[in-house]
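Subject: Structure handover

Hello,

Here is the structure I promised to pass on. My notes follow below it.

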Amino acid sequence: MQPEDAWGFTFWDRGRCRKQIESRRSEGLFTPPSLQGTVSYPAATGGINWGSGAISPEQNLMVVNQSRVPTGIKLIPRETFEALSEEETGGDAGGLAESNRLYGEMQNTPYAVSVDLLTSPFGAPCSAPPWGTLTAVDLDAGEIRWEVPLGSTHGLAPWPLWLEWGVPNIGGPIVTAGGLVFIAATPDNYLRAFDLATGERLWRADLPYSAHATPLTFRLGQERRQFLVVAAGGHVLSEPGVPADEPRQPAQRYRITALLEDIEAVRETLGADQFHLVGHDWGATVGWSYVTHPDHAERVIRWSFISGPHLAIWMRWARDELTSGR
(Lines give C-alpha, C1' and ligand atoms only; values in the text may rest on other atoms or scores of the structure.)
Protein backbone atom coordinates (compact mmCIF):
# COMPACT_ATOMS: atom_id res chain seq x y z
CA MET A 1 0.00 0.00 0.00
CA GLN A 2 1.51 3.31 -1.13
CA PRO A 3 0.66 6.93 -0.18
CA GLU A 4 -1.27 7.39 -3.43
CA ASP A 5 -3.56 4.52 -2.37
CA ALA A 6 -4.84 6.52 0.63
CA TRP A 7 -8.60 6.98 0.69
CA GLY A 8 -10.96 9.44 2.35
CA PHE A 9 -14.44 10.91 2.16
CA THR A 10 -12.89 14.29 1.38
CA PHE A 11 -9.51 15.61 0.23
CA TRP A 12 -8.81 16.61 3.85
CA ASP A 13 -9.15 13.19 5.51
CA ARG A 14 -7.54 11.53 2.49
CA GLY A 15 -4.55 13.82 3.01
CA ARG A 16 -4.35 12.83 6.68
CA CYS A 17 -4.34 9.16 5.68
CA ARG A 18 -1.67 9.81 3.08
CA LYS A 19 0.58 11.34 5.75
CA GLN A 20 0.14 8.28 7.96
CA ILE A 21 1.27 6.00 5.15
CA GLU A 22 4.13 8.28 4.09
CA SER A 23 5.54 8.29 7.63
CA ARG A 24 5.93 4.48 7.63
CA ARG A 25 7.87 1.94 5.63
CA SER A 26 5.80 0.30 2.90
CA GLU A 27 7.95 -1.84 0.63
CA GLY A 28 5.57 -4.65 -0.15
CA LEU A 29 3.68 -7.41 1.57
CA PHE A 30 6.57 -8.69 3.68
CA THR A 31 8.05 -5.40 4.89
CA PRO A 32 9.19 -6.21 8.47
CA PRO A 33 8.17 -4.24 11.57
CA SER A 34 10.49 -1.30 12.21
CA LEU A 35 11.29 1.50 14.63
CA GLN A 36 9.99 3.91 12.01
CA GLY A 37 6.74 2.00 11.66
CA THR A 38 5.61 -0.29 8.86
CA VAL A 39 2.38 -0.44 6.86
CA SER A 40 0.81 -3.91 7.01
CA TYR A 41 -1.88 -4.42 4.37
CA PRO A 42 -3.92 -6.47 4.71
CA ALA A 43 -3.69 -6.36 8.48
CA ALA A 44 -2.68 -9.30 10.67
CA THR A 45 -6.40 -9.97 11.18
CA GLY A 46 -6.76 -10.77 7.49
CA GLY A 47 -7.24 -11.28 4.64
CA ILE A 48 -8.81 -14.43 5.93
CA ASN A 49 -9.07 -14.93 9.69
CA TRP A 50 -10.04 -17.93 11.83
CA GLY A 51 -13.41 -18.41 10.16
CA SER A 52 -11.73 -20.21 7.24
CA GLY A 53 -13.72 -21.01 4.09
CA ALA A 54 -16.56 -23.27 2.97
CA ILE A 55 -16.57 -25.57 -0.07
CA SER A 56 -19.44 -26.77 -2.25
CA PRO A 57 -18.31 -30.20 -3.57
CA GLU A 58 -21.11 -30.21 -6.16
CA GLN A 59 -19.98 -26.96 -7.82
CA ASN A 60 -16.37 -27.12 -6.62
CA LEU A 61 -16.61 -23.56 -5.32
CA MET A 62 -14.84 -22.27 -2.22
CA VAL A 63 -16.40 -19.30 -0.42
CA VAL A 64 -14.18 -17.16 1.82
CA ASN A 65 -14.58 -13.82 3.60
CA GLN A 66 -11.80 -11.25 3.92
CA SER A 67 -11.03 -7.98 5.69
CA ARG A 68 -9.23 -5.22 3.80
CA VAL A 69 -7.91 -2.64 6.23
CA PRO A 70 -4.35 -1.40 6.85
CA THR A 71 -2.43 -1.29 10.11
CA GLY A 72 0.82 0.28 11.21
CA ILE A 73 3.28 -1.97 13.09
CA LYS A 74 6.03 -0.32 15.12
CA LEU A 75 8.84 -1.64 17.30
CA ILE A 76 9.09 0.04 20.71
CA PRO A 77 12.35 -0.10 22.71
CA ARG A 78 11.85 -2.08 25.90
CA GLU A 79 12.56 0.83 28.26
CA THR A 80 10.06 3.03 26.41
CA PHE A 81 7.37 0.35 26.58
CA GLU A 82 7.91 -0.29 30.30
CA ALA A 83 7.49 3.44 30.97
CA LEU A 84 3.98 3.41 29.47
CA SER A 85 1.03 3.33 31.86
CA GLU A 86 -1.08 0.19 32.23
CA GLU A 87 -4.09 2.27 31.20
CA GLU A 88 -2.49 2.67 27.79
CA THR A 89 -1.14 -0.84 27.33
CA GLY A 90 -4.05 -2.58 29.09
CA GLY A 91 -7.65 -3.09 27.99
CA ASP A 92 -9.69 -6.16 27.20
CA ALA A 93 -7.54 -7.00 24.16
CA GLY A 94 -4.11 -5.75 25.11
CA GLY A 95 -4.97 -2.12 24.50
CA LEU A 96 -7.33 -2.27 21.54
CA ALA A 97 -10.70 -2.21 23.29
CA GLU A 98 -10.90 1.52 23.91
CA SER A 99 -8.51 2.77 21.22
CA ASN A 100 -7.07 1.91 17.80
CA ARG A 101 -3.84 0.51 19.25
CA LEU A 102 -2.80 -2.92 20.44
CA TYR A 103 0.45 -3.84 22.22
CA GLY A 104 2.49 -7.03 22.30
CA GLU A 105 5.25 -7.49 24.87
CA MET A 106 7.55 -9.81 22.81
CA GLN A 107 9.34 -11.43 25.74
CA ASN A 108 13.10 -12.02 25.64
CA THR A 109 13.63 -9.36 22.99
CA PRO A 110 14.78 -5.73 23.36
CA TYR A 111 11.48 -4.54 21.87
CA ALA A 112 7.76 -4.51 22.34
CA VAL A 113 5.44 -3.88 19.40
CA SER A 114 2.41 -1.68 18.80
CA VAL A 115 -0.19 -2.20 16.11
CA ASP A 116 -2.34 0.76 15.06
CA LEU A 117 -5.39 0.70 12.86
CA LEU A 118 -4.71 3.25 10.13
CA THR A 119 -7.88 5.29 10.12
CA SER A 120 -8.89 8.79 9.09
CA PRO A 121 -10.05 11.49 11.54
CA PHE A 122 -13.59 10.28 10.73
CA GLY A 123 -12.72 6.78 11.92
CA ALA A 124 -12.83 5.14 8.47
CA PRO A 125 -9.97 2.90 7.30
CA CYS A 126 -7.32 4.63 5.19
CA SER A 127 -7.82 2.07 2.40
CA ALA A 128 -10.55 2.31 -0.20
CA PRO A 129 -13.74 0.28 0.35
CA PRO A 130 -14.85 -2.43 0.34
CA TRP A 131 -13.30 -3.02 3.75
CA GLY A 132 -14.75 -6.52 3.87
CA THR A 133 -15.70 -8.94 1.09
CA LEU A 134 -17.22 -12.35 0.45
CA THR A 135 -15.65 -14.20 -2.47
CA ALA A 136 -16.44 -17.39 -4.39
CA VAL A 137 -13.47 -19.10 -6.03
CA ASP A 138 -13.86 -21.62 -8.86
CA LEU A 139 -11.47 -24.40 -7.79
CA ASP A 140 -11.44 -25.97 -11.27
CA ALA A 141 -10.52 -22.79 -13.13
CA GLY A 142 -8.59 -21.14 -10.30
CA GLU A 143 -10.60 -17.96 -10.85
CA ILE A 144 -12.90 -15.73 -8.83
CA ARG A 145 -16.53 -16.53 -9.74
CA TRP A 146 -17.98 -13.55 -7.84
CA GLU A 147 -17.11 -11.11 -5.09
CA VAL A 148 -19.43 -8.86 -3.07
CA PRO A 149 -19.02 -6.42 -0.15
CA LEU A 150 -19.70 -8.06 3.20
CA GLY A 151 -21.21 -5.96 5.96
CA SER A 152 -22.52 -2.47 6.48
CA THR A 153 -21.52 0.54 8.55
CA HIS A 154 -24.74 0.18 10.55
CA GLY A 155 -23.83 0.76 14.19
CA LEU A 156 -20.34 1.90 13.22
CA ALA A 157 -21.28 5.25 11.70
CA PRO A 158 -24.16 7.67 12.32
CA TRP A 159 -27.26 7.54 10.14
CA PRO A 160 -27.55 8.23 7.19
CA LEU A 161 -24.05 6.83 6.62
CA TRP A 162 -25.21 3.23 6.94
CA LEU A 163 -23.62 1.95 3.76
CA GLU A 164 -23.18 -1.57 2.39
CA TRP A 165 -19.51 -0.92 1.71
CA GLY A 166 -18.18 -4.02 3.41
CA VAL A 167 -16.58 -3.91 6.88
CA PRO A 168 -13.81 -5.77 8.72
CA ASN A 169 -15.14 -9.17 9.73
CA ILE A 170 -14.18 -12.15 11.87
CA GLY A 171 -16.04 -15.42 11.42
CA GLY A 172 -16.72 -17.89 8.62
CA PRO A 173 -19.35 -19.03 6.10
CA ILE A 174 -21.15 -22.29 5.52
CA VAL A 175 -22.51 -23.62 2.23
CA THR A 176 -25.68 -25.73 2.02
CA ALA A 177 -26.63 -28.42 -0.48
CA GLY A 178 -29.46 -26.15 -1.61
CA GLY A 179 -27.01 -23.55 -2.92
CA LEU A 180 -27.04 -21.03 -0.07
CA VAL A 181 -24.18 -19.33 1.75
CA PHE A 182 -24.80 -18.28 5.36
CA ILE A 183 -22.44 -15.97 7.19
CA ALA A 184 -22.51 -13.51 10.10
CA ALA A 185 -18.96 -12.34 11.03
CA THR A 186 -19.65 -8.59 10.76
CA PRO A 187 -19.97 -6.10 13.66
CA ASP A 188 -23.30 -4.77 12.33
CA ASN A 189 -25.13 -7.68 14.07
CA TYR A 190 -26.53 -9.21 10.86
CA LEU A 191 -26.70 -12.83 9.76
CA ARG A 192 -26.91 -13.02 5.97
CA ALA A 193 -27.73 -15.53 3.24
CA PHE A 194 -26.29 -15.32 -0.28
CA ASP A 195 -26.95 -17.16 -3.53
CA LEU A 196 -24.00 -19.50 -4.07
CA ALA A 197 -24.25 -19.20 -7.85
CA THR A 198 -24.32 -15.40 -8.14
CA GLY A 199 -23.38 -13.82 -4.78
CA GLU A 200 -26.72 -12.03 -4.56
CA ARG A 201 -27.84 -11.34 -1.00
CA LEU A 202 -31.15 -13.13 -0.47
CA TRP A 203 -31.88 -12.58 3.22
CA ARG A 204 -30.59 -11.10 6.44
CA ALA A 205 -31.62 -11.21 10.10
CA ASP A 206 -30.75 -8.86 12.93
CA LEU A 207 -29.04 -10.59 15.88
CA PRO A 208 -28.95 -9.33 19.48
CA TYR A 209 -25.14 -9.19 19.27
CA SER A 210 -22.63 -9.66 16.50
CA ALA A 211 -21.79 -13.31 15.72
CA HIS A 212 -18.10 -13.90 15.07
CA ALA A 213 -18.53 -17.63 14.74
CA THR A 214 -19.27 -19.94 11.83
CA PRO A 215 -22.99 -20.88 11.56
CA LEU A 216 -24.22 -24.45 11.81
CA THR A 217 -27.22 -26.04 10.11
CA PHE A 218 -28.90 -29.31 11.14
CA ARG A 219 -32.09 -31.33 11.13
CA LEU A 220 -33.13 -34.34 13.18
CA GLY A 221 -34.42 -36.43 10.27
CA GLN A 222 -34.92 -36.47 6.51
CA GLU A 223 -38.46 -35.11 6.78
CA ARG A 224 -37.83 -32.81 9.70
CA ARG A 225 -37.41 -29.04 9.72
CA GLN A 226 -33.91 -27.71 9.08
CA PHE A 227 -32.42 -25.24 11.57
CA LEU A 228 -29.67 -22.63 11.35
CA VAL A 229 -27.79 -21.67 14.53
CA VAL A 230 -24.89 -19.36 15.30
CA ALA A 231 -23.16 -18.20 18.48
CA ALA A 232 -23.93 -14.48 18.82
CA GLY A 233 -21.80 -13.38 21.76
CA GLY A 234 -20.44 -10.06 20.55
CA HIS A 235 -16.77 -9.18 20.35
CA VAL A 236 -14.32 -6.83 22.01
CA LEU A 237 -14.14 -4.92 18.71
CA SER A 238 -17.92 -4.46 18.61
CA GLU A 239 -20.24 -4.92 21.59
CA PRO A 240 -19.59 -7.75 24.09
CA GLY A 241 -22.54 -10.04 24.71
CA VAL A 242 -23.23 -8.92 28.26
CA PRO A 243 -26.88 -8.37 29.33
CA ALA A 244 -27.73 -4.68 29.63
CA ASP A 245 -28.70 -4.98 33.30
CA GLU A 246 -25.33 -6.48 34.29
CA PRO A 247 -22.19 -4.42 34.96
CA ARG A 248 -19.68 -4.70 32.16
CA GLN A 249 -16.68 -6.76 33.19
CA PRO A 250 -13.32 -7.21 31.46
CA ALA A 251 -14.11 -9.36 28.45
CA GLN A 252 -11.59 -12.10 29.15
CA ARG A 253 -12.75 -12.66 32.75
CA TYR A 254 -16.43 -12.64 31.72
CA ARG A 255 -15.84 -15.18 28.97
CA ILE A 256 -13.81 -17.54 31.14
CA THR A 257 -16.49 -17.58 33.83
CA ALA A 258 -19.32 -17.98 31.33
CA LEU A 259 -17.57 -20.79 29.46
CA LEU A 260 -16.84 -22.68 32.67
CA GLU A 261 -20.49 -22.41 33.69
CA ASP A 262 -21.63 -23.59 30.26
CA ILE A 263 -19.29 -26.58 30.35
CA GLU A 264 -20.53 -27.61 33.79
CA ALA A 265 -24.17 -27.17 32.70
CA VAL A 266 -23.63 -29.43 29.69
CA ARG A 267 -21.98 -32.09 31.84
CA GLU A 268 -24.85 -32.04 34.35
CA THR A 269 -27.52 -32.05 31.62
CA LEU A 270 -25.98 -35.03 29.86
CA GLY A 271 -25.33 -36.81 33.12
CA ALA A 272 -21.87 -37.73 31.85
CA ASP A 273 -18.62 -37.96 33.76
CA GLN A 274 -16.53 -37.76 30.60
CA PHE A 275 -17.04 -35.90 27.34
CA HIS A 276 -14.96 -34.34 24.59
CA LEU A 277 -14.50 -30.60 24.12
CA VAL A 278 -13.52 -29.10 20.79
CA GLY A 279 -12.69 -25.40 20.68
CA HIS A 280 -10.46 -22.67 19.33
CA ASP A 281 -8.58 -19.84 20.98
CA TRP A 282 -10.25 -19.00 24.34
CA GLY A 283 -12.71 -21.90 24.06
CA ALA A 284 -9.98 -24.49 23.56
CA THR A 285 -7.83 -23.10 26.35
CA VAL A 286 -10.68 -23.02 28.85
CA GLY A 287 -11.86 -26.47 27.79
CA TRP A 288 -8.39 -27.94 28.19
CA SER A 289 -8.06 -26.30 31.59
CA TYR A 290 -11.42 -27.66 32.74
CA VAL A 291 -10.69 -31.22 31.65
CA THR A 292 -7.25 -31.34 33.25
CA HIS A 293 -8.00 -29.38 36.42
CA PRO A 294 -11.78 -28.95 36.79
CA ASP A 295 -11.44 -27.46 40.29
CA HIS A 296 -8.82 -24.91 39.28
CA ALA A 297 -9.78 -24.02 35.73
CA GLU A 298 -9.73 -20.29 36.23
CA ARG A 299 -6.27 -20.50 37.81
CA VAL A 300 -4.92 -22.78 35.07
CA ILE A 301 -6.17 -20.48 32.31
CA ARG A 302 -3.96 -17.73 33.72
CA TRP A 303 -0.83 -19.77 33.15
CA SER A 304 -1.79 -21.23 29.78
CA PHE A 305 0.03 -19.84 26.76
CA ILE A 306 -2.11 -17.29 24.95
CA SER A 307 -0.82 -15.77 21.73
CA GLY A 308 -1.67 -12.76 19.62
CA PRO A 309 -3.67 -9.92 21.14
CA HIS A 310 -4.29 -11.91 24.32
CA LEU A 311 -0.60 -12.00 25.23
CA ALA A 312 -0.82 -8.72 27.16
CA ILE A 313 -3.70 -10.13 29.21
CA TRP A 314 -1.69 -13.23 30.07
CA MET A 315 1.33 -11.14 31.02
CA ARG A 316 -0.69 -8.93 33.38
CA TRP A 317 -2.15 -12.01 35.05
CA ALA A 318 1.30 -13.57 35.42
CA ARG A 319 2.66 -10.37 36.96
CA ASP A 320 -0.30 -10.17 39.38
CA GLU A 321 0.18 -13.80 40.41
CA LEU A 322 3.88 -13.32 41.07
CA THR A 323 3.55 -10.07 43.02
CA SER A 324 0.74 -11.45 45.18
CA GLY A 325 2.68 -14.61 46.04
CA ARG A 326 0.05 -16.96 44.63
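Four strands make an open sheet in the order E2-E3-E7-E8, with antiparallel pairing. Strands here are DSSP runs of E with at least two residues, helices are runs of H or I with at least four residues, and both are numbered from the N terminus. Two strands count as paired if DSSP finds at least two bridges between them. Strand E2 (54-56) and strand E8 (143-149) stand at the edges with a single partner strand each, so one side of each has no neighbour in the sheet. From one strand to the next, the twist averages 20°. For angles, axes are lines fitted to C-alpha atoms, for helices over the stretch in contact, and values run from 0 to 180 degrees between N-to-C directions.

Within this sheet, strand E3 (residues 61-67) pairs with strand E7 (residues 132-138) over seven bridges, in the antiparallel sense. Val64 stands opposite Thr135 in E7.

A word on the source. This is a predicted model, in which local features need pLDDT of at least 70 and side-chain atom pairs count only at pLDDT 80 or more, while totals for chains, interfaces and linings use all residues. Residues are numbered from 1 along each chain as its sequence is written, and side-chain values use heavy atoms, with hydrogens and water left out.

Overall picture

The protein has seven helices and 14 strands. Of its 326 residues, 42% count as buried. Buried means under 20% relative accessible area, exposed over 50%, and partly exposed in between (1.4 Å probe, protein chains only). The accessible surface comes to about 17900 Å², and 55% of this belongs to carbon and sulfur atoms. Areas come from the Shrake-Rupley method with a 1.4 Å probe; for residues, only the protein chains shown count as cover. Among contacts between residues at least 6 apart in sequence, 54% join residues at least 24 apart. A contact means heavy atoms within 4.5 Å.

E4, E5 and E6

Strand E4 (residues 71-77) and strand E6 (residues 111-117) run antiparallel and are joined by seven bridges. The bridge partner of Lys74 in E6 is Ser114. Strand E5 (residues 101-104) also runs antiparallel to E6, with four bridges. There, Gly104 stands opposite Val113 in E6.

E5 and E6 form a hairpin with six residues between them. Met106 in the turn has a positive phi of about 50°. Gln107 is found in the loop between E5 and E6. Gln107 is partly exposed, at 47% relative accessible area. Its C-alpha atom is separated by 9.7 Å from that of Arg78, 29 residues apart along the chain.

Arg101 pairs with Asp116, the closest N and O atoms being 2.6 Å apart. Arg101 lies in strand E5 and Asp116 in strand E6, so the pair ties together parts 15 residues apart in sequence. Arg101 is partly exposed at 32%, whereas Asp116 is buried at 11%.

E9 to E12

An open sheet of four strands has the order E9-E10-E11-E12, with antiparallel pairing. Strand E9 (173-175) and strand E12 (201-206) are the edge strands, each pairing on one side only. The twist averages 15° from one strand to the next. Strand E10 (residues 180-183) and strand E11 (residues 190-195) run antiparallel, joined by four bridges. Phe182 stands opposite Ala193 in E11.

Salt bridges

The whole structure holds nine salt bridges. Glu164, Asp188, Arg192, Arg201 and Arg204 are linked in a network of them. Arg204 pairs with Glu164, with the closest N and O atoms 3.0 Å apart. Arg204 lies in strand E12 and Glu164 in the loop between E8 and E9, so the pair ties together parts 40 residues apart in sequence. Arg204 is partly exposed at 34%, and Glu164 is partly exposed at 37%.

Arg192 pairs with Asp188, with the closest N and O atoms 2.8 Å apart. Arg192 is buried, at 1% relative accessibility. Asp188 is buried too, at 2%.

A surface patch

Leu216, Phe218, Leu220, Phe227 and Val229 make a nonpolar surface patch of about 460 Å². Patches are made of residues with over 30% relative accessible area and no salt bridge; like charges are joined within 9 Å, nonpolar side chains (Val, Leu, Ile, Met, Phe, Trp, Tyr) within 5 Å. Strand E13 (216-218) and strand E14 (227-229) each supply at least two of the patch residues. Leu220 lies in the loop between E13 and E14. Leu220 counts as exposed, at 66% relative accessibility.

Best wishes

Definitions and conventions: A salt bridge is a side-chain nitrogen of Lys or Arg within 4 Å of a carboxyl oxygen of Asp or Glu.
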